[in-house]
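Please walk through this model from the whole chain down to single residues.

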Amino acid sequence: MDDEKWTIKFNGTKSPLNGNIKRGKEIDDLYKIANELGISKSDLLNNNIIKDIRLKQIKIWHGNYIEAIQFFYKVTTNDKTYSINGNKHGGSGEKETRINFEDGEYILAISGKYGHNKSHGNLDQLKFINYIPSKKHIKFCTNCGKYDTTLFNMSPATGTVYTCFFGKCTDYSITSIGMYEGSIQSQQLQQLSDLLFPNKPYKFPVLKQEITRLKYQELAPQVRNEKIKFEKLTTNMKVKAGDSEKIVDLLLNTQKQAIKSNDQLIQGQLIAYKSALESKLTKNELQILLSMHAKLNQLEEHLANLQINERLANCK
């Protein structure tokens, strides 16, 4: 992933809310992003509009606890890239800390501490652990706040990263934090998914199943054609072999076993059958026959595996 272009595809999945979840009003940057794009939040969630979403910066205002927070985004749709400043949530703030994101950098995990008190419990500490793919470097960002209260840790599901902030706040503090997730994917896979399913969100298992189906459809006629050519060649070789035609069948059956096993006895039989036919067929003819047989076996095995994978996918 580090060596190719990749995107963070917004998938709408929300992390659990962490902190004093019983205190404060709900806040959600997705409303601001939707407003900037000129659509509703529900349309944003349901219509596969965001093709890539990145964090550019986080500002945190803090003293003894987290007083305010603001996220800054780079959002790409089908036709445009937007720089969107999320709302500043919470109060005015005593001290400001900025976390600047490099190109491609994303949040790997978030940890912090919070107070439980319903009347004045806040997010007391906040720490972001980021990853920079181009440098293969993990960055530990400032642990803001002072109070030593209840610890929490949050991290996205495998193959996803955090993309957009939501939570709760009062007029002077942040009380809890949550994040929307996005799926990491290569641009090549995204383009292929858009081609196959232009009006559906990217889902790797579905894309994989469709690719398997297409590969099967492409390979099946090729296997049939190769089989026809091989059967014609085998018939000609048997005619030329005359009274040794049964040895041709023995040779091919033994080769099939030899492909799957390095057993010395089988290898010896293969050599013996080839020697027995050399008085009837040239070495070049034998080589062509065996090469075509090996190729056909490989194609048939590949086709069978594709068929099995497709059936397994349909059963899920």
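Of the contacts in the chain with a separation of 6 or more, 65% join residues 24 or more positions apart. A contact here means heavy atoms within 4.5 Å. The model is predicted, so local features need pLDDT of at least 70 and side-chain atom pairs pLDDT 80 or more, while totals for chains, interfaces and linings use all residues. Numbering runs from 1 along each chain as its sequence is written, and side-chain values use heavy atoms, without hydrogens or water.

The chain holds 7 helices and 14 strands. These are DSSP runs numbered from the N terminus: helices are H or I with at least four residues, strands E with at least two. The chain has 316 residues, and 47% of them are buried. Buried means under 20% relative accessible area, exposed over 50%, and partly exposed in between (1.4 Å probe, protein chains only).

Take E26 as one example. It lies in strand β3, residues 25-28. E26 counts as exposed because its relative accessibility is 69%. Leaving out residues up to four places away in sequence, E26 touches G167 and K168. The C-alpha atoms of E26 and F166 are 7.6 Å apart, although 140 residues separate the two along the chain.

Now the surface. The chain exposes about 17300 Å², with 49% supplied by carbon and sulfur atoms. Such areas come from the Shrake-Rupley method with a 1.4 Å probe. I138 sits in strand β11, residues 137-140. I138 counts as partly exposed because its relative accessibility is 39%.
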